[in-house]
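Hi,

Here is the structure I promised to pass on to you. Have a look at it first, and then read on for what I found in it.

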Amino acid sequence: MPPRIRRPETPARRDARIAKHLEQARDYWSKWPAHLAEGDYCQAGEKGWGTVAQLTKAVATLRSWEHYDHEAIRDSITGLMAELPEQSLTIDRGLRAAEGLHGNFYEVYMNVERARYALEDVRPLLDILWELLPAQYTGGVSFWQWVEPG
């Protein structure tokens, strides 16, 4: 199913919302390692899911796609799979890993290895989402340079 279209918004409002989603993504990604080290796989995974969700929301905002619930986030990522068929397997793998991390928050079925593997599996999806954003939002650097400066 293609992503649902949102009502138009001003460029200033769009830019502010994208900036908010990107800052939230950076915050989430910065927190999962400490949660994993503490043995809190639920929070570590939720931060991984949250990072994917926030970058997806940034891309969806740019494209005027709905993104206010889990289904709309999934539809946005599925829309990207159709748009980027050469990367669809990587996108799908990242989405499945992210949804697994989110599910673990509720069901608590992952151990440290599974959580770590799932967090690694979302990394290529984060790269793809980041690359879909113009340099005015990314500063022209990779997600990893931006999220882990220095």
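**How the helices pack**

Let's begin with a pair of helices: the axes of α2 and α3 cross at roughly 70° and come within 10 Å of each other. An angle between 65 and 115 degrees counts as roughly perpendicular, so α2 is roughly perpendicular to α3. Please keep in mind as you read that this is a predicted model.

The crossing in which α2 passes α3 is left-handed. On the α2 side, the contact is made by Trp-49, Val-52, Ala-53, Thr-56, Lys-57, Val-59 and Ala-60, and on the α3 side by His-70, Ile-73, Ser-76, Ile-77 and Leu-80. Sorted by class, the contact of α2 with α3 has eight nonpolar, three polar and one charged residues.

Two packed helices are described by the angle between their axes and the distance between the axes. With that in mind, here is another pair. Helix α3 covers residues 70-83 and helix α4 covers residues 88-107; they pack at an angle of about 165°, and their axes are 9 Å apart. An angle over 145 degrees counts as roughly antiparallel, and α3 and α4 are therefore roughly antiparallel to each other. Here α3 passes α4 in a right-handed crossing. From α3, the residues that make the contact are His-70, Arg-74, Ile-77, Leu-80 and Met-81; from α4, they are Ser-88, Ile-91, Asp-92, Leu-95, Glu-99 and His-102. The residues of this contact of α3 with α4 divide into five nonpolar, three polar and three charged.

What about α2 and α4? Their axes are 7 Å apart, and the two helices pack at an angle of about 140°. That angle makes α2 oblique to α4. The crossing of α2 past α4 is left-handed. The α2 residues in the contact are Tyr-41, Cys-42, Gln-43, Gly-45, Glu-46, Gly-48, Trp-49 and Val-52, and they meet Ala-98, Glu-99, Leu-101, His-102, Asn-104 and Phe-105 of α4. By class, the contact of α2 with α4 has seven nonpolar, five polar and two charged residues.

Is Thr-56 buried or exposed? Its relative accessible area is 2%; buried means under 20%, so Thr-56 is buried. Apart from its neighbours within four places in sequence, Thr-56 is in contact with Ile-73, Ser-76, Ile-77 and Leu-129.

Next, look for Ala-25 in helix α1, residues 11-37. Ala-25 has a relative accessibility of 0% and so counts as buried. Beyond its neighbours within four places in sequence, Ala-25 is in contact with Thr-51, Gln-54 and Leu-55. Between Ala-25 and Pro-8 there are 24 Å in space, C-alpha to C-alpha, and they are 17 residues apart in sequence.

Then move to the loop between α2 and α3, where you will find Arg-63. At 25% relative accessibility, Arg-63 counts as partly exposed. Which residues does Arg-63 contact, leaving aside its neighbours within four places in sequence? They are Leu-80, Glu-83 and Leu-132. Arg-63 and Ile-5 are 58 residues apart along the chain, and their C-alpha atoms are separated by 8.3 Å.

Ser-64 is also in the loop between α2 and α3. The phi angle of Ser-64 is near 60°, a positive value in a residue other than glycine. With a relative accessible area of 30%, Ser-64 is partly exposed.

**Stepping back to the whole chain**

How many helices and strands does the protein chain have? Its secondary structure comes to seven helices and zero strands. The radius of gyration of the chain is 15 Å, close to the 15 Å that the globule rule gives for 150 residues, so the chain is as compact as a globular protein of that length. The C-alpha trace spans about 45 × 40 × 25 Å along its principal axes.

Of the 150 residues, 45% count as buried, with Thr-56 and Ala-25 as two examples. Among the contacts in the chain with a separation of 6 or more, 66% are between residues 24 or more positions apart.

Enjoy exploring the structure!

Best wishes

Conventions. Residues numbered from 1 in each chain as written. Predicted model: local features only at pLDDT ≥ 70, side-chain atom pairs only at ≥ 80, totals over all residues. Heavy atoms only, no water. Axes fitted to C-alpha atoms, helices over the stretch in contact; angles between N-to-C directions. Helix = DSSP H or I, 4+ residues; strand = E, 2+ residues; numbered from the N terminus. Parallel < 35°, antiparallel > 145°, perpendicular 65-115°, else oblique. Left-handed = near helix turned anticlockwise from the far one by under 90°. Contact = heavy atoms within 4.5 Å. Nonpolar A, V, L, I, M, F, W, Y, C, P; charged D, E, K, R; others polar. Buried < 20%, exposed > 50% of the residue type's maximum accessible area, 1.4 Å probe, protein only. Rg over C-alpha atoms; globule rule 2.2 N^0.38 Å.
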